[in-house]
Amino acid sequence: MSPYEDAVVRELNVWRQKMMRRPSAVNRLSKNLQTRMNKFIPEKVHQAITAMIKQMTRAVLFGAEFLTRQPVLEPLSLEEREERVRDRIAFYKTAGAAEGGVTGAGGILLGLADFPLLLALKMKLLFEIAAIYGYPVNEYKERLYIMHIFQLAFSSQERRQFVYQQMLNWQAKSQQLPDDIDQFDWRTFQQEYRDYIDLVKMAQLVPGIGAAVGLVANYRLLDSLGKTAMNAYRMRWAERRELGMKS
């Protein structure tokens, strides 16, 4: 392996340990705080956000704008592919920060509009990353993998452990997955995503600090998603190369 690939394997081992780490006291406290905050939000608001997340995600998964994206099949090294990936992550972080700042400064109505806009940016980033790594995003099983990456980035630590296990040896496991998108666990997907981002994003609706919160929050959320996606596709690269990863 090249020196770059050696470094990737080491980073992958560190990331794997992070994914399998048991929930800390801080993780549990954050989850409890989120549960309490949810009780103060009207049920109709919860239902509206949940429905929006589901419909937006489904639209993205089957949208022509996304499915026509072609995989990069050039004979590039892992390092060359990841240079391109980092460029796209940087672009989307900047775009997300700008969008979050504008909607955060616009009060409650524009603040609420940030949810679907940010979700679309996240999905676009994931589809671009998948294509750069050479995966055909027009295939349903590859889009399911993208959904798993999304969950991995925006879930509680307990849920993250479960999702990570599902992604191991994906090539073989994907052959046994249902072909019906309605069989996907939407309820858990929506709840975990909402609970992960609500604590930060609700602060974006507060007058006076919304713009700053929106800018920083979106930048960090997209940065986290990009890093998670890189390691998720590195994991498949390592499995293809039959590179063992330490526990």
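This is a predicted model: local features need pLDDT of at least 70, side-chain atom pairs count only at pLDDT 80 or more; totals for chains, interfaces and linings use all residues.
**Overall fold**

The protein chain contains eleven helices and zero strands. Read along the sequence, its pattern is α-α-α-α-α-α-α-α-α-α-α. Of the 247 residues in the protein chain, 49% are buried. Among contacts between residues at least 6 apart in sequence, 82% join residues at least 24 apart.

| Property of the protein chain | Value |
|---|---|
| Buried residues | 49% of 247 residues |

**Helix H7**

How far apart are the end C-alpha atoms of helix H7? The distance between them is 20 Å. Helix H7 covers residues 140-153, which is 14 residues, and at 1.5 Å a residue it should span 20 Å, so the two values agree. Helix H7 is also mostly covered, since 14 of its 14 residues are buried. A residue counts as buried when its relative accessible area is under 20%.

**Asn169**

Asn169 lies in the loop between helix H8 (157-167) and helix H9 (170-173). The phi angle of Asn169 is near 55°, a positive value in a residue other than glycine. Is Asn169 buried, partly exposed or exposed? The relative accessible area of Asn169 is 44%. Partly exposed residues fall between the limits of under 20% for buried and over 50% for exposed, and Asn169 is therefore partly exposed.

Methods
Residues are numbered from 1 along each chain as its sequence is written. Side-chain values use heavy atoms; hydrogens and water are left out. Helices (H or I, at least four residues) and strands (E, at least two) are DSSP runs, numbered from the N terminus. Buried means under 20% relative accessible area, exposed over 50%, partly exposed in between (1.4 Å probe, protein chains only). Contact means heavy atoms within 4.5 Å. The expected span of a helix is 1.5 Å times one less than its number of residues.
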